[in-house]
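Hello,

Here is the structure I promised to pass on to you. Please open it beside this email and keep both in view as you read.

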Amino acid sequence: MTEETAALAASTKLSERDVVTVKLPAASAYLSVLRTATAGLAARLDFTLDEIEDLRIAIDEACAMLLAQAVPGTDLTCEFELTGDAMRIAVSVLTMDGREPDRETFAWTVLSSLAGEVDARVGADDRVTVTLQKRRGVAAGAP
């Protein structure tokens, strides 16, 4: 490794906390963009292929919950926070009635088993956010 390639490798390493925000139309046609971004960012954290696939499915589930009540013509915002061994994903959309997703549904159970830590909240102007947090190397659903 030359000094130049060592400097390049050091500059592309993950800092203590990186945040990536993706904003796209709140329509299912654009979910492939989020699945791809999720996979790429998880790979950057050295998640296993199974963990990456779990996150791709989880982001689909979270978005499906939100898109069902999204105000037509609005944007879906997805914020990825990357730390040493974890990824936190917060997906939010402006909704018609500001209802949190039902935590007693099969979809919520699937989401929780795939992503690890899952939460939802309603913010200003009926914006609903679903937050997922997955740690590398930790079995989904483990404490």
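Below is what I found, going from the whole chain to single residues.

First, some ground rules. This is a predicted model, so local features need pLDDT of at least 70 and side-chain atom pairs count only at pLDDT 80 or more, while totals for chains, interfaces and linings use all residues. Residues are numbered from 1 along each chain as its sequence is written, and side-chain values use heavy atoms, with hydrogens and water left out.

**The whole chain**

The protein chain has 4 helices and 5 strands. These are DSSP runs numbered from the N terminus (helices: H or I, at least four residues; strands: E, at least two). In sequence order the pattern is α-β-α-α-β-β-α-β-β.

Of the chain's 143 residues, 37% count as buried. Buried means under 20% relative accessible area, exposed means over 50%, and partly exposed lies in between (1.4 Å probe, protein chains only). The accessible surface comes to about 7900 Å², and 53% of that belongs to carbon and sulfur atoms. Accessible areas come from the Shrake-Rupley method with a 1.4 Å probe, and for residues only the protein chains shown count as cover.

A contact means heavy atoms within 4.5 Å. Among contacts in the chain with a separation of 6 or more, 68% are between residues 24 or more positions apart.

**The core**

Which residues touch the most other members of the largest nonpolar core? They are Leu-34, Met-87, Ile-89, Leu-111 and Leu-132, in a core of 37 residues. At least two core residues come from each of strand 1 (18-25), helix 2 (31-44), helix 3 (49-67), strand 2 (75-83), strand 3 (86-94), helix 4 (106-115), strand 4 (117-122) and strand 5 (127-135). Helix 3 gives the largest share, 9 residues. A nonpolar core here is a set of buried Ala, Val, Leu, Ile, Met, Phe, Trp, Tyr and Cys residues joined through side-chain atoms within 4.5 Å.

Take Leu-111 as an example. Not counting residues up to four places away in sequence, Leu-111 touches Ala-58, Glu-61, Ala-62, Met-65, Gly-116, Val-118, Val-130 and Leu-132.

**Helices to look at**

In helix 4, the buried residues are Trp-108, Val-110, Leu-111, Leu-114 and Ala-115. They sit on the same side of helix 4, because they cover an arc of only 160° around the axis. The arc is that of the directions from the helix axis to the C-beta atoms. These buried residues of helix 4 pack against helix 3, strand 4 and strand 5. After helix 4 comes Gly-116, with a positive phi near 95°.

Now turn to helix 2 and helix 3, which pack at an angle of about 145° with their axes 9 Å apart. On the helix 2 side the contact includes Leu-31, Leu-34 and Ala-39, and on the helix 3 side it includes Ile-52, Leu-55 and Leu-67. The axes are lines fitted to C-alpha atoms, for helices over the stretch in contact, and angles run from 0 to 180 degrees between N-to-C directions.

**Single residues on the strands**

Is Glu-81 buried or exposed? Glu-81 is buried, with a relative accessible area of 16%, and its place is in strand 2. Beyond four places in sequence, Glu-81 touches Arg-17, Asp-18, Val-19, Ala-86, Met-87 and Arg-88.

Thr-129, in strand 5, is also buried, at 7% relative accessible area. Asp-119, in strand 4, counts as partly exposed at 41%. The C-alpha atoms of Thr-129 and Asp-119 are separated by 8.3 Å, and the two residues are 10 residues apart along the chain. Thr-129 is in contact with Asp-119, and its other contacts beyond four places in sequence include Ala-90, Val-91 and Ser-92.

**Two loop residues**

Most residues other than glycine have a negative phi. Asp-46 has a positive phi, near 65°; it lies in the loop between helix 2 and helix 3 and is exposed at 58% relative accessible area. Asp-125 also has a positive phi, about 60°, although it is not a glycine. Asp-125 is in the loop between strand 4 and strand 5 and counts as exposed at 66% relative accessibility.

Happy exploring, and write back with any questions!
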